[in-house]
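Subject: the model, and some notes to go with it

Hi,

Here is the structure I promised to pass on.

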Amino acid sequence: MSVQKDLSLKNQLIARLAPPSRSALLEHSELVDLNLHAELLVAGCTGHHTYFPIDSFVSLILPVKGENDLEMVLVGSEGMFNTTMVLGNTTSTLTSIVQGAGRALRIHRNALRLRRAEDENLRQVMLGYASVIQRQTEQ
């Protein structure tokens, strides 16, 4: 088993995928290091990647004009971030900042769009997770 494939099982969302779906996703993803306090996505900007944390975690922050920003969700190895792409949007309303340095699997938005269109299992797992995140941020 490759290191990337072995590490992918540490992400609970990827681990829930059927083996063929997981393999296809991994073919298009890369293992990256996330540095502490790195801004991976800025609210109002187009995201180019979706990330699946392995041993890192990222805060999803809502900028509030004239006020302190609000941390909405903390994402770790249970899921993914930049769920806006899963929902078909290109612009994020949240800023993503690394709060715990470590590794993540990263997939480009075009590859994710293609995989999602072709793979029902991947689509259902990701949409289920994205809807949970959306409900958390609406509260």
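Predicted model: local features only at pLDDT ≥ 70, side-chain atom pairs only at ≥ 80, totals over all residues.

**The sheet and its helices**

H49 stands opposite H108 in β7. Residues are numbered from 1 along each chain as its sequence is written, and side-chain values use heavy atoms, with hydrogens and water left out.

Back to that pairing. Strand β3 (residues 49–53) and strand β7 (residues 102–108) run antiparallel to each other over five bridges, and Y51 has R106 in β7 as its bridge partner. Strands count as paired if DSSP finds at least two bridges between them. β3 is also mostly covered, with four of its five residues buried. Buried means under 20% relative accessible area, exposed means over 50%, and partly exposed is in between (1.4 Å probe, protein chains only).

What is the order of the strands in the open sheet? It goes β1-β7-β3, three strands with antiparallel pairing. β1 (29–34) and β3 are the edge strands, each pairing on one side only. From one strand to the next the twist averages 35°. Two helices pack on this sheet. Helix α3 (residues 19–27) touches β1, β3 and β7, and its direction makes about 65° with that of β1. Helix α4 (residues 109–118) touches β3 and β7, at about 70° to the direction of β7. For those angles, axes are lines fitted to C-alpha atoms (for helices, over the stretch in contact), and angles run from 0 to 180 degrees between N-to-C directions.

**A buried Asn**

N11 is in the loop between α1 (3–8) and α2 (12–15). Buried or exposed? N11 has 0% relative accessibility, so it counts as buried. Its side chain reaches the backbone oxygen of G79 at 2.7 Å, a polar contact (a pair of N or O atoms within 3.5 Å; within protein, one must be able to donate a hydrogen and the other to accept it, and residues adjacent in sequence count only if both atoms are side-chain atoms). Apart from neighbours within four places in sequence, N11 is in contact (heavy atoms within 4.5 Å) with F52, P53, I54, G76, S77 and G79.

**Salt bridges**

The count comes to five, taking a salt bridge as a side-chain nitrogen of Lys or Arg within 4 Å of a carboxyl oxygen of Asp or Glu. One of them joins the side chains of D55 and R103 (2.6 Å, N to O). D55 sits in the loop between β3 and β4 (57–62) and R103 in strand β7, so the pair ties together parts that are 48 residues apart in sequence. D55 is partly exposed at 39% relative accessible area, and R103 is partly exposed at 28%.

Another links E118 to R115, with the closest N and O atoms 2.7 Å apart. These two lie in helix α4, three residues apart, about one turn of the helix. E118 is exposed at 53% relative accessibility, whereas R115 is buried at 11%.

R123 and E120 also meet through their side chains in a salt bridge (2.2 Å, N to O), three residues or about one helical turn apart in helix α5 (residues 120–138). Finally, shared partners join R115, E118 and D119 into one salt-bridge network.

Cheers
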